Amino acid sequence: MERNNLIKKGVVVAVILLFIGVSCIPTGITSKVAPIDDIQKEPHGFFFGLRGNIRFDFNLDAFLEPIKPYGGAYYFPFNVSYKVSGMFADIITRWFIGRTHMTIELSIKDVPEWAEITVSDNTVHCEISTDWIRCEEHPYIQITLDHRAPAFELSYYKIVGASICIKGPFGFLTWIHGSEGEEEFPFVPDYLPIMHITPEGLYIEIPPGQMGKLNILIENLGNGLTLVKSEIIEIPSPDWWVYIQPETVLDVGEEKEAPLFIKPPENFTGSEQIKISFTPCYYYNPELQGNTETLSITVRSQP
């Protein structure tokens, strides 16, 4: 048993001597963030340098929870893991145990113009091992959306992790090459029901027993195909005839006129009020509704 331990120690010493070309290992290890040239051109597979690998893990179901535009910030945790590979990786990584960690810089790219997406930690730190090891920090993604985010449309952004490269004494020999990992993260904007109701007036003159018409402009300011439900909620008496189309379908940014028809009874004189309600709903799921808006229209008749 003692002889086997001596052999293992001898192998470790021999490999380290091969790496630095001296009889002992200095305690100073220089490190820097790997330039793109380092990542792309250094011979990862050659035995004097180890390859770094970066991985991202996240709960897909949590990331697909709809995000309400103008609903404040939404937070989504994820994990960063790191490992090294290459010839003699099992032996060389023993040197780093308890001495140093791998630093990984995180950044976000390819963000849609209607979203603001940031990562909580610009840098994370992982143990250096030939096994996947999660970083010590617990980073999360923060997302806020504006009204232009398309309702329920699967969207994406990318998170990038770039590890430093670790060099030996005097910066002469690279022990671990810098690496870059990239992952596409999904997210889904929620439906935002916003409408604007503009009548051509809140007052109309109609002779007794005659038909009057008042145009009402409905505009969809939300982020999805919207069905606006219109309802007459109050008339002066049952002998009044009042009609407005019950449903108006509007694409994003579209506006349409919904005419309101009113016929007071023949014996009516003076003024009365009619009340109409408007409720925006998501066209593909009318149970997703916004706030109801009510209009009061004054009708006057002279004999």
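Me: In which strand is the place of Ser277?

Reply: This is a predicted model, in which local features need pLDDT of at least 70 and side-chain atom pairs count only at pLDDT 80 or more, while totals for chains, interfaces and linings use all residues. Residues are numbered from 1 along each chain as its sequence is written, and side-chain values use heavy atoms, with hydrogens and water left out. Strands (E, at least two residues) and helices (H or I, at least four) are DSSP runs numbered from the N terminus. Residues 270-282 form the strand that holds Ser277, namely β19.

Me: Is Ser277 buried or exposed?

Reply: Buried means under 20% relative accessible area, exposed over 50%, and partly exposed in between (1.4 Å probe, protein chains only). Ser277 has a relative accessible area of 7%, so the residue is buried.

Me: Which residues does Ser277 touch, not counting residues up to four places away in sequence?

Reply: A contact requires heavy atoms within 4.5 Å. With residues up to four places away in sequence not counted, Ser277 touches Lys229, Ser230, Glu231, Ile233, Thr292, Glu293 and Thr294.

Me: Where does Arg148 lie, and what is its relative accessible area?

Reply: Arg148 is in the loop that runs between β8 (140-145) and β9 (155-167). The residue counts as partly exposed because its relative accessible area is 40%.

Me: Which side chain makes a polar contact with the side chain of Arg148?

Reply: A polar contact is a pair of N or O atoms within 3.5 Å; within protein, one must be able to donate a hydrogen and the other to accept it, and residues adjacent in sequence count only if both atoms are side-chain atoms. Leaving aside neighbours within four places in sequence, Arg148 is in contact with Glu113 and Trp114. The backbone oxygen of Glu113 lies 3.0 Å from a polar atom of the Arg148 side chain. The side-chain partner, at 2.8 Å, is Asp146.

Me: How many Å separate the C-alpha atoms of Arg148 and Asn223?

Reply: Along the chain, Arg148 and Asn223 are 75 residues apart.

Me: How many aromatic pairs does a search of the whole structure find, and how is the pair of Tyr157 and Phe187 classed?

Reply: Rings of Phe, Tyr and Trp (its six-membered ring) pair if their centres lie within 6.5 Å; planes under 30 degrees apart count as stacked, over 60 as edge-to-face and the rest as tilted. The whole structure contains 17 aromatic pairs. For Tyr157 and Phe187 the ring centres are 5.7 Å apart and the planes meet at 50 degrees, so this pair is tilted.

Me: Which strands does that pair link?

Reply: Tyr157 and Phe187 are both buried. They are 30 residues apart and link distant parts of the chain: Tyr157 belongs to β9, and Phe187 to β11 (residues 180-187).

Me: How is the aromatic pair of Trp241 and Tyr243 classed?

Reply: Trp241 is partly exposed because its relative accessibility is 42%, and Tyr243 is partly exposed because its value is 40%. Their ring centres are 6.4 Å apart, with 20 degrees between the planes, and the pair is stacked.

Me: What percentage of the residues in the protein chain is buried?

Reply: The protein chain has 4 helices and 21 strands. Among contacts with a separation of 6 or more, 73% are between residues 24 or more positions apart. Of the 303 residues, the buried ones make up 43%.
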